[in-house]
Each structure stands twice: as structure tokens, then as C-alpha cells.
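Subject: Structure handover

Hi,

Here is the structure I promised to pass on to you. Please have it open while you read, as my notes follow just below.

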Amino acid sequence: MFRTKTVYGPVPSWRLGRSLGVDVVCREKKVCSFDCVYCQLGPTKNKIKEREIFVSKERIKEDLSEVIGKIDADVVTFSGTGEPTLASNLGEIIDVVREYTHLPLAVLTNSSFMFNKEVRNELKKLDIVVAKLDAPNSKLFQKINRPAEGLKFNDILEGIKEFRREFKGKLALQMMFIDLNKGYADEMAEIAEEIKADEVQINTPLRSSPIKPLNEREIEKIERSFLHLNAISVYKEKKPITHVYDQEEVLRRRKTVS
Ligand code: SF4
């Protein structure tokens, strides 16, 4: 039976610092509601949109107790082999992790369930929510994120806006720019402003991906649309140095430890 650790890293994140990962999905193959064209984890075989329990909180406790106290990290991040908000026990797991650490808790989410009040309530327990937004309209959303049937761009956008109104922590928007959306930076900046995000993270797929990343000049052009906002950009930010606890667990999820 496939059995891997639910806790991995800390990985060097240009957005979050030294980030200890907690994988609440923890499957051999990615589990996601999207099939983004640039996904470093490969194609999504079966897109799902029903929440379920993938990993018990007891298992998370067991894995955390092995690591906490032995590693240096700046943040604990819910991320890994799929979309964390698909885990219906995410809220309970967040409570468990809080008991183990005083570090800030973050999530990387694809935003697909932000329209769901239950999900928003769970995410409100965190200090930092990094929400994906790669498209300014439904047509591009379908092309880039290739969502599970029934997931609609407008619902997701409204969900993020509603979450912003409710959430007192830091809300960052992660925007992955590739050839398909590089001409839409102004529209994306307008939406980020409407949302009132605390930060915009301008990214392009630099880690192993089926899609070619944009070069520095192309990203600089995009940055100009975000000058009036608090934006950080992948080519400019420095990655911290980390001492990875278990390289195999990191490679399973990121294809690289750097
Ligand atoms: S949301 Fe993340 S895990 Fe899911 S397909 Fe997109 S990039 Fe991959």
C-alpha cells in the first residue's frame, strides 16, 4: 500500500520563506478540481469536486511530532499532491497543527471552492491564504485551468471577494502567467484591485512544467500593470536556504528540492 509522510520540507519558497509542507491529500497521483495546463504534477486523471477525508488528523499528528522541534521553518503551508480544500477535514487538521506550532499557517489553494461557506470558514482559521487566479474571464479560465465540470469562473471570483470581506489575515493572489494570459495583465490587475488583495504574486512556471515559462523581459512587462499594487515577482524575489528534512517527500511533490 502507498504510504508516505504527510509532512515534508521545509522547502524554499520565494513567496513564504522556509515553508514546512502539510499535505492533507497525500496521494500517489495528484487529486485536484483543476487540470492546469502548466501543472508540475502532470495531468489530472480524474478531476473531482466532492470533498472527502484523505488523511486522518491522527496521521498528521504522528508525522508532525516527528518533525517539529527538529527543523527551522518560517511558516507551515497546507499544500502538496492536490488541492487542500478538497479535504473535508481541513478545518480540524488546521486546529491540530495550531496545537503543535506558533508558526504562521498558510495555504496554497486553487480557489475553486471559495464560493462554499464551509470552506471559507475553514480557511479563515489560517494566517495567510494564497489563492490562485490565472484568468480575467471564463473563456481563459477554461483554457488555462481546465476545471471539473460545473466549476464556474464567476462563482470562484465572487467567492474570493466574499472571502476578502470576511478574512482578517493576509490574502495573496497567485497569478501564473504563460503565453495564453500574458496579454491580460491590465485586466488581471484590475481584478486584484477590486478584490483588495494584500499582495499579488506574479509567477511563471519555472519548475518542471509542460509549458514554457515567460522570460524576464515578458514578466517585467506584466509587472508594469501591477505597479500601483503590492506585487512581488518570481524573477526578483530571493529564495531562502533550507535544510530539507526528507528529500524524497519533497521530490514527490515538487520535482526539485530547490
Ligand atoms: S490547481 Fe495546482 S495542483 Fe491542481 S492542476 Fe492546477 S497547478 Fe496542478
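Let me begin with the largest pocket, where strand E1 is the element that gives the most to the lining, with four residues. Please keep in mind that this is a predicted model, in which local features need pLDDT of at least 70 and side-chain atom pairs count only at pLDDT 80 or more, while totals for chains, interfaces and linings use all residues. Residues are numbered from 1 along each chain as its sequence is written, and side-chain values use heavy atoms, with hydrogens and water left out.

The volume of the largest pocket is about 930 Å³. Among the 43 residues that line the largest pocket, Arg-15, Gln-40, Leu-108, Gln-174 and Arg-207 are the closest to its centre. Two or more lining residues come from each of strand E1 (7–13), strand E2 (17–22), strand E4 (105–109), E6 and helix H8 (247–254). Helices here are DSSP runs of H or I with at least four residues, strands are runs of E with at least two, and both are numbered from the N terminus. Sorted by class, the lining of the largest pocket holds 17 nonpolar, 16 polar and 10 charged residues. In this scheme Ala, Val, Leu, Ile, Met, Phe, Trp, Tyr, Cys and Pro count as nonpolar, Asp, Glu, Lys and Arg as charged, and the others, Gly among them, as polar.

For pockets and cavities, a 1 Å grid is laid over the protein atoms alone: a cavity is a set of points where a 1.4 Å probe fits but cannot get out, a pocket is an open set with protein on both sides within 12 Å along at least five of seven lines, and lining residues have an atom within 4 Å of a point. Grid points are joined across faces, edges and corners, and a volume is the space filled by probe spheres set on the points.

Where does the ligand sit? The space taken by the ligand is the largest pocket; a molecule sits in a pocket or cavity if more than half of its atoms lie within 2 Å of its grid points. Around the ligand are Lys-30, Cys-32, Phe-34, Asp-35, Cys-36, Tyr-38, Cys-39, Asn-110 and Lys-132, where a residue is near a molecule if one of its heavy atoms lies within 4 Å of it. This shell has five nonpolar, one polar and three charged residues.

**The cavity**

Searching the whole structure gives one cavity of 30 Å³ or more. The largest cavity has a volume of about 60 Å³, and its lining is made of Phe-34, Asn-110, Lys-132, Leu-133, Asp-134, Ala-135, Phe-141, Asn-145, Phe-153 and Ile-156. H4 and H5 are the elements that give two or more residues to this lining. The lining of the largest cavity divides into six nonpolar, two polar and two charged residues.

**Aromatic pairs**

Rings of Phe, Tyr and Trp (its six-membered ring) pair if their centres lie within 6.5 Å; planes under 30 degrees apart count as stacked, over 60 as edge-to-face and the rest as tilted. By this rule there are five aromatic pairs. The centres of the Phe-141 and Phe-153 rings are 5.8 Å apart and their planes stand at 50 degrees, so this pair is tilted. Phe-141 in helix H4 (residues 138–145) and Phe-153 in helix H5 (residues 153–166) are 12 residues apart, and their pair links distant parts of the chain. Both are buried, that is, under 20% relative accessible area, with exposed over 50% and partly exposed in between (1.4 Å probe, protein chains only).

Phe-177 and Phe-226 form an edge-to-face pair, 6.3 Å centre to centre with 70 degrees between the planes. Phe-177 is in the loop between strand E6 (170–176) and helix H6 (185–195) and Phe-226 in the loop between helix H7 (216–224) and strand E8 (231–233), so the pair ties together parts 49 residues apart in sequence. Phe-177 and Phe-226 are buried as well. Phe-34, Phe-141 and Phe-153 form one aromatic cluster.

**Backbone details**

The peptide bond from Gly-9 to Pro-10 is cis, with omega near 0 degrees, and Pro-10 is in strand E1. Cys-26, in the loop between E2 and helix H1 (57–67), has a positive phi near 50 degrees and is buried at 3% relative accessibility. Ser-111 has a positive phi of about 75 degrees and is buried at 0%.

Best wishes
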